[in-house]
Amino acid sequence: MTSRLAPPRDLFAGTAEHYIRYRSQYPHAALDEIARASLPLGGRVLDMGSGPGTIAIALAERGLDVTAVDPSPDMLVAGSRDAEQRGVRLQWLEGDSEHLPEVTGVATVTIGDAFHWMAPHDKFLQALDQMVEPAGLLAVLSRRAPGAPRPAWHTAISEVQARYLHDDPQAAAHGYRARVEADTISVLRRSPFSRIREFRFRHMTSATIEEVVGRQYTRAFSSPALLGDRLPAFDRDLHAALQAAEPSGAYLDTTESQLLLAER
């Protein structure tokens, strides 16, 4: 019998603080590009799959009227608290691609590393076509562009994940096993938002071992909720593997991020 797959809100339970503390930020240049494209439209920005507001708060800081939407109440509470501490005001709504909020005047919809959660894509994009203003746009952000290389030490992460998650049906379904990424550009080209501009932003990040490990607990296929009682051993083995892979303790990563701006 096939086990029932956990919904995103369950898989991401307990990850909100990891997101805020450990998830890498998007390049400032990418967020600036979204703001430049959105400000003249004058409408609301809807950030789908917002998590704790990584994109939403950054755009609100750039003067945009932002509504953050996520299926996880924990994410929304953590994001609201973080926004308040940063002196930023925006709206937080519970929802997902199949339960879109009833909002009007949407000029821009942003999706950061969450497009794969918006399936079925065609239905979702048709629904956005009814919400977004005629001159509006869709902005899809990826921290790591398709095909961008990973650092050598990332192999250590993959090997530990393989030992702990190779036979886990939840991990397989939510991305661990050679996940076939949706070809986002092809999906958009057959949608109402078929006019696409692509931007790439090359940048380097540096992380400590705690930051690298912490980021693994923000992912659906290695979240604390999914690992359960395997978490202490996974954490121990991941630390050991990363220390062996990069004894310097400086985890450098030179990569490219991708921004797609899609219009009708």
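Mentor: Let us begin with a contact between side chains: Asp 113 and Arg 143 meet in a salt bridge, with an N to O distance of 3.1 Å. The model is predicted, so local features need pLDDT of at least 70 and side-chain atom pairs count only at pLDDT 80 or more, whereas totals for chains, interfaces and linings use all residues. Residues are numbered from 1 along each chain as its sequence is written, and side-chain values use heavy atoms, with hydrogens and water left out.

Trainee: What makes Arg 143 buried and Asp 113 partly exposed?

Mentor: Buried means under 20% relative accessible area, exposed means over 50%, and partly exposed is in between, with a 1.4 Å probe and protein chains only. Arg 143 has 13% and is therefore buried; Asp 113 has 29% and is therefore partly exposed.

Trainee: How many salt bridges are found in the whole structure?

Mentor: The search finds 14. One of them joins Glu 17 and Arg 81 at 2.5 Å, N to O. Glu 17 lies in helix α2 (residues 16–22) and Arg 81 in helix α5 (residues 73–85), so this pair ties together parts that are 64 residues apart in sequence. Glu 17 is partly exposed at 45%, and Arg 81 is partly exposed at 37%.

Trainee: Why does Asp 82 count as buried?

Mentor: Its relative accessibility is 14%, and the limit for buried is under 20%. Its salt-bridge partner Arg 86, at 3.2 Å, N to O, is partly exposed with 40%.

Trainee: How do you know that β4 and β5 pair?

Mentor: Two strands pair if DSSP finds at least two bridges between them. β4 and β5 have six, in the parallel sense, and within this pairing Ile 111 has Val 140 of β5 as its bridge partner. Six bridges also join β5 to strand β7 (residues 251–263), and these two run antiparallel. Val 140 stands opposite Leu 260 in β7.

Trainee: Why is β5 described as largely enclosed?

Mentor: Eight of the 11 residues of β5 are buried, so the rest of the structure largely encloses this strand.

Trainee: What makes the unit of β4, α6 and β5 right-handed?

Mentor: A crossover is right-handed if, with the strands pointing away from the viewer, the path from the first strand over the helix to the second runs clockwise. The unit of β4, α6 and β5 is assigned to this hand.

Trainee: Why are α3 and α4 called oblique?

Mentor: Angles under 35 degrees count as roughly parallel, over 145 as roughly antiparallel, 65 to 115 as roughly perpendicular and the rest as oblique. Helix α3 (residues 28–38) and helix α4 (residues 54–61) pack at about 60 degrees, with their axes 10 Å apart, and they are therefore oblique to each other. The axes are lines fitted to C-alpha atoms, for helices over the stretch in contact, and the angles run from 0 to 180 degrees between N-to-C directions.

Trainee: At what angle do the axes of α10 and α12 cross?

Mentor: Helix α10 (residues 209–216) and helix α12 (residues 231–245) cross at roughly 135 degrees, and their axes come within 10 Å. That makes α10 oblique to α12.

Technical notes. Salt bridge = Lys/Arg side-chain N within 4 Å of Asp/Glu carboxyl O. Helix = DSSP H or I, 4+ residues; strand = E, 2+ residues; numbered from the N terminus.
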